[in-house]
Amino acid sequence: MRTPPQQERGRRSIDAIVDAAEHLIDVRGQVTLSAHELAAAAGISVGRVYYWFPDMSSVVAALCERGLERLGEHFGQVLDESVASADRARFVSRMADLVVE
């Protein structure tokens, strides 16, 4: 991805592109994307896709980064809950559930 956006509009465009990629990959079950498909699914222009992402592999990389951030947040929540309650078995079980998802 290019330099991080300074304005909310840019962040919304990036989110729309990554959301569209996630949806298309989920529906198809494979990672084959075109800028035209992403633009149509995101409701933006093809030029906007290429403005933020130089190629489709960078879109997939952004999607992976988002997934890792979400996973880290979930792990943090589970860890906070488990440490507070000192319930180690529950912690291990919830971590295993997250990995399976």
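1. A search of the whole structure, which is a predicted model, finds 1 aromatic pair (rings of Phe, Tyr and Trp, the last by its six-membered ring, pair if their centres lie within 6.5 Å; planes under 30 degrees apart count as stacked, over 60 as edge-to-face and the rest as tilted). The partners are Tyr-51 and Trp-52, whose ring centres lie 4.8 Å apart with the planes at 90°, so the pair is edge-to-face.

2. The two partners can also be described by their accessibility (buried means under 20% relative accessible area, exposed over 50% and partly exposed in between, with a 1.4 Å probe and protein chains only). Trp-52 is buried at 6%, whereas Tyr-51, at 38%, counts as partly exposed.

3. Tyr-51 has a further contact, in that the charged end of Arg-48 sits over its ring, 5.2 Å from the centre (the criterion is NZ of Lys or CZ of Arg within 6 Å of the ring centre and within 35 degrees of the ring normal).

4. The lining of the largest pocket is made up of 14 residues, and those nearest its centre are Ile-14, Asp-15, Ala-62, Arg-66 and Glu-69. Helix H1 (8–28) and helix H4 (56–85) are the elements that give two or more residues to this lining, and H4 supplies the largest share, 8 residues.

5. On method, residues are numbered from 1 along each chain as its sequence is written, and side-chain values use heavy atoms, with hydrogens and water left out. Local features need pLDDT of at least 70 and side-chain atom pairs count only at pLDDT 80 or more, while totals for chains, interfaces and linings use all residues.

Methods. On a 1 Å grid over the protein atoms alone, a cavity is a set of points where a 1.4 Å probe fits but cannot get out, and a pocket is an open set with protein on both sides within 12 Å along at least five of seven lines; lining residues have an atom within 4 Å of a point. Helices (H or I, at least four residues) and strands (E, at least two) are DSSP runs, numbered from the N terminus.
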